[in-house]
Amino acid sequence: MSEKNKKLFDEYEFDAFVMAVVPIKYGSKIYSKIMKTNDEFIVPFRPIEVIKRSCEYYASSYEGRKEGTKNLIGVTHKSPIVIEPVQSIYIFPTASPNQQHCYWISHEHVLLYQRIDKKHTEVVFSNKQVIEVPISYRSFENQMLRTALLRTKMEQRSNLSWNTTLFTETRYSEVEALEQRSQYDVFSKQPILSQRSSSKRLNK
């Protein structure tokens with residue numbers, strides 16, 4: 001079935017099963033083919049629009065994600081971004097995002113890649129599906145390394161946040177336990193003092 005004869009979908013969810021967003025010609029327009037591990041379909045949006053909408057779906061913005069990449073790894077050109085860190089949805093563009101031939105590739109699903117010629121690379125995804133991408137092998141490898149670094153930095157931040165939260169909760173629990181012990185000590189001694197006072201009064 002040709003791309004033009006495939007059914008269009010206006011709504012979609014960019015989840016952890018998305019392997020790539022591929023630009024395709026649909027008549028006189030550029031649409032996107034979304035390749036998932038068990039399905040593929042076409043949406044009437046350019047790839048960059050798909051990415052922007054997906055960032056917004058997860059309560060962020062494309063510009064915000066780019067700024068996050070800049071802050072973490074210092075990359076500003078052809079920036080890899082995290083769409084949703086909990087599901088490990090990290091993607092990178094194969095060219096400047098506004099160019100018509102720019103693909104978006106999910107780092108998680110790249111199984112293998114190899115050189116075809118100076119300007120093309122063959123990519124094998126996790127489901128063994130193979131596509132040819134208009135990018136040099138060296139550039140593709142560089143994008144893979146950048147995205148791996150972004151993932152590492154994000155995971156370090158997440159682990160630090162988790163450890164800080166755990167430490168805070170643990171210290172709070174310890175303080176709370178000490179306070180409870182102090183209150184118990186006060187109340188446990190009070191009756192003894194009262195008894196002694198009563199005994200003195202009775203002896204008088």
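A search of the whole structure turns up zero disulfides, a disulfide being a pair of cysteine sulfur atoms within 2.5 Å. What we're looking at is a predicted model, where local features need pLDDT of at least 70 and side-chain atom pairs count only at pLDDT 80 or more, while totals for chains, interfaces and linings use all residues. Residues are numbered from 1 along each chain as its sequence is written, and side-chain values use heavy atoms, with hydrogens and water left out.

Cys55 has 0% relative accessibility, so it counts as buried. Cys102 comes in at 2%, so it is buried too. Here, buried means under 20% relative accessible area, exposed means over 50%, and partly exposed is in between (1.4 Å probe, protein chains only).

## The overall layout

The protein has three helices and nine strands. Both are DSSP runs numbered from the N terminus: helices are H or I with at least four residues, strands are E with at least two. Walk along the sequence and the pattern reads β-β-β-α-α-β-β-β-β-β-β-α.

Of the 204 residues in the protein, 36% are buried. The accessible surface comes to about 13,100 Å², and 50% of that belongs to carbon and sulfur atoms; these areas come from the Shrake-Rupley method with a 1.4 Å probe, and for residues only the protein chains shown count as cover. Now take the contacts between residues at least 6 apart in sequence: 46% of them join residues at least 24 apart. Contact means heavy atoms within 4.5 Å.

## A three-stranded sheet

Three strands make an open sheet in the order β7-β8-β9, with antiparallel pairing. Two strands pair if DSSP finds at least two bridges between them. β7 (110–117) and β9 (130–133) stand at the edges with a single partner strand each, so one side of each has no neighbour in the sheet. From one strand to the next, the twist averages 25°, using axes that are lines fitted to C-alpha atoms (for helices, over the stretch in contact) and angles that run from 0 to 180 degrees between N-to-C directions.

Strand β8 (residues 120–125) pairs with β9 in the antiparallel sense over four bridges. To find your way around this part, look for Thr121, which stands opposite Val133 in β9.

How many aromatic pairs does the structure hold? It holds eight. Rings of Phe, Tyr and Trp (its six-membered ring) pair if their centres lie within 6.5 Å; planes under 30 degrees apart count as stacked, over 60 as edge-to-face and the rest as tilted. One of the pairs is Tyr12 with Phe45, tilted, at 6.3 Å centre to centre and 55° between the planes. Tyr12 lies in the segment before β1 (18–26) and Phe45 in the loop between β3 (40–43) and α1 (47–57), so this pair ties together parts that are 33 residues apart in sequence. Both Tyr12 and Phe45 are buried.

Tyr57 and Tyr58 have ring centres 5.0 Å apart and planes at 85°, so they are an edge-to-face pair. Tyr58 has a relative accessible area of 18%, so it is buried. Elsewhere, Phe92, Tyr113, Tyr137 and Phe140 form one aromatic cluster.

Arg53 lies in helix α1 and touches Tyr12 and Phe45, not counting residues up to four places away in sequence. At 42% relative accessibility, Arg53 counts as partly exposed. Arg53 and Phe14 are 39 residues apart in sequence, with 9.0 Å between them in space, C-alpha to C-alpha.

Ser106 sits in strand β6 (residues 104–106). Is Ser106 buried or exposed? At 4% relative accessibility, Ser106 is buried. Leaving out residues up to four places away in sequence, Ser106 touches Val18, Met19, Tyr90 and Ile91.

## Two positive phi angles

Most residues other than glycine have a negative phi. Ala59 has a positive one, near 60°. Ala59 is found in the loop between α1 and α2 (62–73), and at 76% relative accessibility it counts as exposed.

Ser88 also has a positive phi, near 55°. The place to look for Ser88 is the loop between β4 (81–84) and β5 (89–93). With 21% relative accessibility, Ser88 counts as partly exposed.
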